[in-house]
Amino acid sequence: MIDNILFGHMPYLFIVTAVVGTIYRYVANRYTWSSLSSQFLENKSLFYGSFPWHYGIIIILLGHIIGIITPGSILAWNSVPLRLYILEISGLSLGILAFIGLLVLVYRRLTDSRVKAVTSSWDVLLLIVLLIQVATGLANATMYRWGSNWYAASAVPWIWSILTLNPRVDYIATLPLITKVHIFNALIFIGLIPFTRLVHFLAFIGPIKYLFRPWQVVRWYNRDTQTENIVQYK
Amino acid sequence: MDIRAQLSMSFNLDKCIGCHTCSVSCKNIWTTRQGAEYMWWNNVETKPGAGFPLTWEDQERYRGGWEVSDGGNLRLKLIKGNKLRTLASIFFQPNLPTIDDYYEPFTYDYQNLFNAPAGDDQPVARPKSLITGDFMEKISLGPNWDDDFGGSPLYGSNDPNLKGLSESQKEMLTKFHKLFYFYVPRICNHCLNPACVAACPSGALYKRGEDGIVLIDQDTCRAWRFCVSACPYKKPYYNWATGKSEKCIFCYPRTETGQPNACAHSCVGRIRTVGALLYDAERIQEIAKLPDEKLVDGMRDIVLDPFDPKVVEAAKKAGIDGNWIAAAQNSPAYNLFKKWRLSMPNHPEFRTLPMNTYIPPLSPILHQVKADRGGLFDPEADDFFNDIDKMRIPVKFLANLLSAGNEKIVIESLKKQMAVRIYWRQKRVGDIGEKAVKSALSSSGLTPQDCEDIYRLNSLATYKERFVIPETHRESKSTVDPRTMYEKRGTVGFGTKKKELIGRQW
């Protein structure tokens with residue numbers, strides 16, 4: 001019953017909040033759409049936090065997304081034990097890397113007085129959620145072995161059942177408590193996107209466009225073609 | 001030919017008295033907000049000096065500006081032209097200055113002077129950080145920290161422009177009779193080849209096509225801060241409270257209506273002139289790649305003669321309004337930079353093609369030789385008006401600052417300034433002799449009319465002669481949405497449009 005509410009109904013609440021809230025914030029208050037970097041105020045310990053955290057978590061997250069898109073490829077990869085070990089070990093080490101980075105970031109945010117000055121309660125809440133998420137993820141990886149296999153076999157079908165509006169809670173009903181915490185916390189994480197600095201990871205489109213745009217940007221206000229016209233200096 | 005127009009400010013360093021009125025008027029209008037306290041879109045530095053932020057000219061440290069690669073390509077020094085490097089260092093930027101390179105903004109606990117309980121000691125107003133709100137043990141850095149040589153040689157000796165000077169020339173930092181400094185007021189240079197724009201991963205920075213002003217779109221900025229690192233002049237500033245970068249906007253709300261910028265308008269010494277230039281955008285890359293010693297001449301080359309009928313016709317074809325062409329023909333910036341070749345850009349070797357120019361300071365004309373004799377000088381002496389090489393400020397220092405080390409360009413400008421003085425001395429006092437005037441004019445390449453005009457612009461020019469700013473024709477076409485155009489009326493235009501429903505207090 002409780003599973004049904006938490007994993008059958010709540011996901012929609014969080015996902016709708018994320019989608020509607022993010023679009024609303026982008027349209028109504030784009031000015032606040034920023035990562036609010038604090039490197040300018042403190043850049044010594046940030047390096048040891050931000051680098052491992054971001055590189056660790058981005059690769060882990062991509063792994064999860066690949067699992068959602070093509071669970072079969074993960075299972076096929078894992079069919080040879082050696083390849084399974086490689087995947088698990090690299091996943092675990094990236095997780096540890098991210099965890100260490102996160103601990104540094106939490107320590108920095110709670111101790112440095114300048115960084116504290118730009119810390120909102122949303123940031124604290126977000127850090128708690130992230131800590132739970134990474135800690136339970138690491139616990140999953142170490143306690144219930146070959147998570148990459150049963151992720152593709154149980155959690156991914158559940159995610160697809162949610163996305164296709166046909167929630168099948170039974171896929172994950174038998175998973176251990178720590179895994180359930182990991183999953184539910186991930187839902188909270190999604191719900192938090194529009195309210196926190198998390199929006200900054202949705203800003204990645206700009207930097208990717210950067211790779212393909214000319215160096216210089218010129219805008220004209222009296223040219224017929226476009227109001228925002230990107231022109232390359234010859 | 002791709003003709004575009006550009007607003008350009010010129011600074012006559014001979015006349016700057018370092019009063020900081022420009023900085024204060026700028027601050028009062030634009031940067032008295034949380035997160036912007038430390039920003040000085042306009043600041044005045046004492047040279048030799050460390051500058052603001054500390055040693056900003058040292059591009060080995062900050063890696064700002066452009067460089068020419070071994071393959072002959074122009075590339076951003078910060079990322080060696082590799083945009084993937086931008087994305088790789090997006091989580092932590094090794095070359096970003098921090099608040100400690102500027103200064104921690106502070107106020108004083110003035111209330112303590114009123115509220116302190118009765119005691120044996122006088123109450124004091126302790127400094128308080130404007131970031132954390134905590135009391136500060138001691139203020140170790142502030143705006144204009146080494147103003148008027150304060151703390152030199154501790155600060156002044158770090159000036160990167162002292163590179164290549166002999167030990168005896170460096171004595172101007174410490175030896176009393178040789179001591180000399182001057183002021184360099186700085187705003188954003190609104191470059192033709194801006195490194196800040198090229199480095200922005202979000203595409204938030206842009207150069208306006210019509211007047212060349214470089215701006216940051218506040219709604220597109222995502223706080224990646226690459227503009228701060230990439231700009232060699234360190235003129236984009238990161239607002240730590242809002243998570244947006246901000247920079248000098250050339251007071252475009254004023255210039256669009258033909259009014260001068262706040263800094264230029266308030267200048268007590270009337271050292272600043274503002275005018276329009278026409279330039280050929282097709283040649284930007286070619287000019288920016290020139291070897292160091294040819295950069296200033298290249299920049300003079302890219303600026304087009306507004307009287308040339310071909311240029312006027314092409315400008316009209318390019319959609320440049322008639323009042324802009326007229327302003328370019330009457331432009332003090334054009335006269336100083338190209339016609340008379342008196343002014344030159346600040347640090348052209350950063351290859352951003354900066355569009356503000358500086359007339360190098362001639363004063364004092366006291367020779368160093370005289371300074372060696374204990375500061376005595378003899379105005380009757382033959383060489384009083386000659387021997388620019390023996391000036392107190394080493395020409396090498398000025399060349400490092402203003403012409404990428406090319407001393408010829410600085411000497412040419414100094415000689416012309418000297419010729420104007422000789423011309424006027426003969427005209428007013430008549431003790432030098434027509435022969436000396438003729439030789440000064442012919443060696444510097446000026447005509448008597450030039451001397452009259454230079455004198456007028458630098459000494460007597462009225463408001464309308466100093467500021468020839470054409471109005472822009474917003475009415476013809478505008479990106480301003482009439483539904484939102486009054487939203488920010490009564491504010492400085494920075495910050496959130498509405499009070500946030502949920503989120504931070506700022």
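**View 1. Strands S2 and S7 of chain B pair side by side.** Strand S2 (residues 43-47) of chain B and S7(B) run antiparallel and share 5 bridges. Helices (H or I, at least four residues) and strands (E, at least two) are DSSP runs, numbered from the N terminus. Two strands pair if DSSP finds at least two bridges between them. This is a predicted model: local features need pLDDT of at least 70, side-chain atom pairs count only at pLDDT 80 or more, and totals for chains, interfaces and linings use all residues. Residues are numbered from 1 along each chain as its sequence is written, while chains are lettered from A and ligands numbered from 1 in the order in which they are written. Find B:Thr46, which stands opposite B:Tyr183 in S7(B). Then find B:Glu45, whose bridge partner in S7(B) is B:Val184.

View 2. A residue is buried if 20 or more other C-beta atoms lie within 10 Å of its own, exposed if 12 or fewer, and partly exposed in between; C-beta atoms are placed from the backbone. In a regular strand the side chains alternate between the two faces of the sheet. From S2(B), B:Asn43, B:Glu45 and B:Lys47 point one way, B:Val44 and B:Thr46 point the other way, and all are buried. That is 5 of the 5 residues of S2(B), so the strand is largely enclosed by the rest of the structure. S7(B) has B:Phe182, B:Val184 and B:Arg186 on one side and B:Tyr183 and B:Pro185 on the other, all of them buried. Again, 5 of the 5 residues of strand S7 (residues 182-186) of chain B are buried, so S7(B) is largely enclosed too.

**View 3. An open sheet of 4 strands lies in chain B.** The order is S12-S1-S14-S13, and the pairing is mixed. Strand S12 (272-280) and strand S13 (344-345) of chain B are at the edges, each with a single partner strand, so one side of each has no neighbour in the sheet. Strand S1 (residues 3-12) of chain B pairs with S12(B) through 9 bridges, in the antiparallel sense. Here B:Ser10 stands opposite B:Thr273 in S12(B).

View 4. S1(A) and strand S8 (residues 205-208) of chain B run parallel and are joined by 2 bridges. Look for A:Val218, whose bridge partner in S8(B) is B:Lys207. A:Arg219 stands opposite B:Arg208 in S8(B).

**View 5. Chain A meets chain B.** Two residues are in contact if their C-beta atoms, placed from the backbone, lie within 7 Å. Chain A gives 43 residues to the contact and chain B gives 54 residues. Helix H2 (45-69), helix H5 (113-117), helix H10 (205-212) and strand S1 (218-219) of chain A each supply at least two residues of the side of chain A that touches chain B. That side has 21 nonpolar, 16 polar and 6 charged residues. Ala, Val, Leu, Ile, Met, Phe, Trp, Tyr, Cys and Pro count as nonpolar, Asp, Glu, Lys and Arg as charged, and the others, Gly among them, as polar.

**View 6. B:Leu205 sits in the largest nonpolar core.** A nonpolar core is a set of buried Ala, Val, Leu, Ile, Met, Phe, Trp, Tyr and Cys residues joined through C-beta atoms within 7 Å. The largest one has 138 residues, and B:Cys196, B:Ala199, B:Leu205, B:Cys227, B:Ala230 and B:Ala328 touch the most other members. Helix H17 (residues 407-428) of chain B gives the largest share of this core, 8 residues. Leaving aside neighbours within four places in sequence, B:Leu205 is in contact with residues including A:Val217, B:Cys196, B:Val214 and B:Ile216.

**View 7. Helices H16 and H17 of chain B cross.** The axes of helix H16 (residues 395-402) of chain B and H17(B) come within 8 Å and cross at roughly 110°. Axes are lines fitted to C-alpha atoms, for helices over the stretch in contact, and angles run from 0 to 180 degrees between N-to-C directions. H16(B) and H17(B) are therefore roughly perpendicular to each other. Angles under 35 degrees count as roughly parallel, over 145 as roughly antiparallel, 65 to 115 as roughly perpendicular and the rest as oblique. H16(B) contributes B:Val395, B:Lys396, B:Leu398, B:Ala399 and B:Leu402 to the contact, and H17(B) contributes B:Glu407, B:Val410 and B:Ile411.
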